[in-house]
Structures are given as structure tokens and as C-alpha cells.
Amino acid sequence: MTPKAPTIRFGPAGWSYDDWNGIVYPAHRPHGFHEAEYLANFFDTIEINTTFYHPPRAEVSRSWINRVRHNPNFRFTAKLWQRFTHERVASQQDEKVFKEGVRPLLEAGLLGALLMQFPWSFKNSRENREYIGGLVMQFMEYPLVLEVRHESWNQPEIYQMLHDLGVGFCNIDQPVIGRSIRPSDRTTSPIGYVRLHGRNYEHWFTSNEHPEERYDYLYGEGELESWAERIRHVAEAGEATYVITNNHFRGKAVANALQLISIIRNKSVPVPPSLISEYPVLESIATPSSGFAPPEQSSFLFEAGGTND
């Protein structure tokens, strides 16, 4: 019997960016156009960014579910509200509101992971380890993944702690400045997770006036090949792996995610024609019929993202 191929889902972080108009999305959108529905024709995951800034309303979550139903292999991932990770002042009411908002995704089986993303300033200390433990208990019904950015967390006992808690570890690519955590290929739970933020050293700690600058980075083929090897290793150790590209400036995340699919699956992929115009390097991986794929024509996704789980 042929071994089951690892399930790997690729997709961008977020979908609502003004600078994607005419690059990722059609310049003239048809009636009823929705960004997530469009992306689900090319990808089998999207990381929901808005949940970091505020909890979604349950009806909004249900609308997202309906938008991606044409791709049965699709799963969302979502970021935990910053009240819990950055501000760390969340109340019981905050917990209730957040859970109510994302509950439809969980109940529909469409929430592949809930990402607890902490900032670089969140360093490995007893207090912070205890905080993570408490947060895991609060959200134990969710498939949790931890993202930390400071090198102090790169310790065997931390990975063992996550394994014991059943929490996945997020392998990240970021500008390595000072004691920033380096690229890795670790798996500490059935969920594998990778996030590529780009390597814009000049603007990584940019001012709040132009936050989009830090994500202005297009990975080259050699850089993607290196990450493809790590992704394969992560996927071999887990049940489902999520690869999220966060270098979203002018659709670079979408371009690089499509390239990663092509590299790992060793095949061409559909590419939005406007994206090829912006990034001609995509011509070499694009299928002859690249463009908007209606639901009945999106079967490539099941091969590109692995089998259903």
C-alpha cells in the first residue's frame, strides 16, 4: 500500500489589502466578489488576521465558512486576539466574546489551528512560561500553535513543554536581528506550522506610520527551496501542516505561496494572470489555463494541499 502523502496546506496571511487590487484580485471585480472565496480557488488555507485585532461576530465567521465551501479541503487558521498575547490584560468576558466569535469555525471543522503569536519582547522566563500554560488551559478545546520570536525560547525543555501540552510550534522566517529566533523545522504536536514574514531587515522594526514596509519582501527561488526542505520535514512528523506567507506587500505572499506549492508538489499551478504581470517569475510555474478557477475546476487544490483529513 502506498503511504499517505503528508497533508500540507499553503496560503497567505489575511486577504483584505488595498494594494492587492489589480495584482492578486481583478481590477474590476464581478458582482458578489469576495476575496476569501477567490483565494480558495488557489489555496487551501488562509490565516485570519482580523481576529488578532478584534473578535469576529459569529455571523461573520459563518459567512466565511460559506465562502470557501467549494473547496472541501480548505481550513482556516486564525490568530488569537492581541488582548491575550500582546496586551495580556484579557478578562473572562473577552474570552467569552472571542470564543463565541470563532465557535462556528470550530464547530464546522474548518479551524485548522489557533495561533498564539507573541512579540519579540516576550522572552523565556518563568512568569511567561506560566502565562502560556494558563492560556493553553483557557483555550484547550482549540488546536493551538505557539509563535515566539526571541531566541531565548529555543531550548529543548520548551519543545518538550509544548509536546506535553499538545501545542504546536510555529517555525518562522524573519530578519535575524540580535537574539531573534532562527529558522527551524520543529513539530511538537500533530499540527505543523510555518510562517514566512520576509527578510526586510531595513524596515523590520519600522515605525507605525508605514507598517506595511516590513512585509515588502519577495523570496528568491533559493530561499524557497531551503524552506521547502524544512516544510517537508515538518510535514513528515505531523498530521496536517500549515504554511503561511505573511510578506503581504503588493501580493508577494500570494506569489511565494504559489511557488512553494509548485516546488513541493513538483507541478505547475494556476496563477492569477494579473499576478504574473506583477511577478513575471511566476510564468515558469503557471498552468496554461491560469486565471480565475471556478469551483468545479479547482481540483488541483486537493493534490497541492494533500488529502482530506
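Predicted model: local features only at pLDDT ≥ 70, side-chain atom pairs only at ≥ 80, totals over all residues.
# A tour from the sheet to the rings

**Stop 1: strands 3 and 4**

Select residues 75–79 for strand 3 and residues 111–117 for strand 4; four bridges pair them in the parallel sense. Zoom in on Lys 79, and you will find its bridge partner, Leu 115, in strand 4.

**Stop 2: strand 7**

Keep strand 7 selected. Is this strand buried or exposed? Six of its six residues are buried, so strand 7 is largely enclosed by the rest of the structure. Show the side chains here. In a regular strand, side chains alternate between the two faces of the sheet. You can follow that in strand 7: Ile 191, Tyr 193 and Arg 195 point one way, while Gly 192, Val 194 and Leu 196 point the other way.

What lies on either side in the sheet? Strand 6 (residues 168–173) runs parallel to strand 7, joined to it by four bridges; look for Ile 172, whose bridge partner in strand 7 is Arg 195. Strand 8 also pairs with strand 7 in the parallel sense, over six bridges. Here Tyr 193 has Tyr 242 of strand 8 as its bridge partner.

Stay on Tyr 193 and display its contacts. Leaving out residues up to four places away in sequence, Tyr 193 touches a list of residues including Glu 47, Thr 77, Leu 115, Phe 169, Asn 171 and Ile 244.

**Stop 3: the core**

In soluble globular proteins, nonpolar side chains tend to be buried together. The largest nonpolar core of this model has 88 residues. Which of them touch the most other members? Select Trp 15, Met 116, Phe 139, Tyr 193, Leu 258 and Leu 275. Helix 9 gives the most to this core, with eight residues.

**Stop 4: the aromatic rings**

Show Phe, Tyr and Trp side chains; the structure holds 22 aromatic pairs. One of them joins Trp 15 and Phe 76, a tilted pair with 6.2 Å centre to centre and 50° between the planes. Where do these two residues sit? Trp 15 is in the loop between strand 1 and helix 1 (35–39), and Phe 76 is in strand 3, so the pair links parts of the chain that are 61 residues apart. Both Trp 15 and Phe 76 are buried.

Compare Tyr 217 and Tyr 219: their ring centres are 5.2 Å apart and their planes stand at 80°, so this pair is edge-to-face. Tyr 217 and Tyr 219 are both buried as well.

**Last stop: charges over rings**

Finish with two charged residues. Lys 99 lies over the face of Phe 139, at 5.1 Å from the ring centre. Arg 230 lies over the face of Trp 227, with 4.6 Å to the ring centre.

Note on methods. Residues numbered from 1 in each chain as written. Heavy atoms only, no water. Pairing = 2+ DSSP bridges. Helix = DSSP H or I, 4+ residues; strand = E, 2+ residues; numbered from the N terminus. Core = buried A, V, L, I, M, F, W, Y, C linked by side-chain atoms within 4.5 Å. Buried < 20%, exposed > 50% of the residue type's maximum accessible area, 1.4 Å probe, protein only. Contact = heavy atoms within 4.5 Å. Phe/Tyr/Trp six-rings, centres within 6.5 Å; stacked < 30°, edge-to-face > 60°. Lys NZ or Arg CZ within 6 Å of the ring centre and 35° of its normal.
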